[in-house]
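Morning, everyone. Let me put the model on the screen, and then we'll go through a few surface and backbone features.

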Amino acid sequence: MAQLNRSNAGDGAGIRCMLGQEIAGSVRALSSSTTYLQEGDDISDVDLLIAEGEGAIKKKRRPRRGEDFKLREAFVKADFWLLFMVYFLGVGSGVTVLNNLAQIGIAQGTSDTAILLSIFSFGNFLGRLGGGVVSEHFVRSKTIPRTVWMTVSQLVMAIAYLLFASALNGTLFAATALLGVCYGVQFSVMVPTASELFGLKHFGVIYNFMLLGNPLGAVIFSGGLAGYLYDKEVEKQQQQGVDGMIFASSVSCLGPKS
């Protein structure tokens, strides 16, 4: 009886050993045969699910919103170009007004235009500091996206531009302050928005590409649009000067000199 028990125990150990070897071999074969499937490969959904469940296939997919993007992966996302266009329009138009702030002040009768630059700079400081604090508070407490604050700042910038265009008495300094605050908000909100949408692994490259909106806006809006409007206004005033016998040196793009 004891000999029979020892024989059965030996057989059980041999069977377990054989099963262990077979399982290890299957795992090694499965690991060596693991392939990666790109999106668009010709395979049925059922076969794909079975293969993924068994671990034989690992399907590569594009990163989703909030995951780490490479720059070329971000290029095909609508969120990337929408954020770039919003930043380009907001900062590009803001830097155009900043470049022409002295001319705007002179045209509205302000003798000391340096104070306008001081007001804009202080508003820019408040916007950069306050925009980050406010957006961080509401995104944590109320889950309000940061892009909402970019939209709000764009609307306020539009109001400031209308105040500049209206040239109403007493609105120049208020419009300059509003524009400075909104200009700063664009910078402070864009940075965390880009990191939250496209991750931090390649954030430096994506962020610096976004910053191209600043010089591009300066070239297109300031050098192109504003320069064209100045040239057309000078031509018109010079023609009026010739017709009215006014010397060309007494006119400028800001209006006839007194």
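**Surface patch and positive phi values**

Start with V133. V133 is exposed, at a relative accessible area of 53%. The cut-off for exposed is over 50%, so V133 gets that label. Keep in mind that this is a predicted model.

Where does V133 sit? In helix α6. That helix covers residues 114-141.

Now the patch. V133 belongs to a nonpolar surface patch of about 560 Å². Patch residues need over 30% relative accessible area. V133, at 53%, therefore passes that requirement.

First up, T143. Its phi is near 50°. That is a positive value, and T143 is not a glycine. T143 lies in the loop between α6 and α7, with α7 running over 146-166. Buried or exposed? T143 is exposed, with a relative accessible area of 61%.

Then A167. Phi is near 55° for A167, again a positive value in a residue other than glycine. A167 is in the loop between α7 and α8, and α8 spans 172-198.

To recap. T143 has a positive phi in the α6 to α7 loop. A167 has a positive phi in the α7 to α8 loop.

Methods:
Residues numbered from 1 in each chain as written. Predicted model: local features only at pLDDT ≥ 70, side-chain atom pairs only at ≥ 80, totals over all residues. Heavy atoms only, no water. Patch = residues over 30% accessible without salt bridge, like charges linked within 9 Å, V, L, I, M, F, W, Y side chains within 5 Å. Areas by Shrake-Rupley, 256 points an atom, 1.4 Å probe, with all protein chains shown as cover. Salt bridge = Lys/Arg side-chain N within 4 Å of Asp/Glu carboxyl O. Helix = DSSP H or I, 4+ residues; strand = E, 2+ residues; numbered from the N terminus. Buried < 20%, exposed > 50% of the residue type's maximum accessible area, 1.4 Å probe, protein only.
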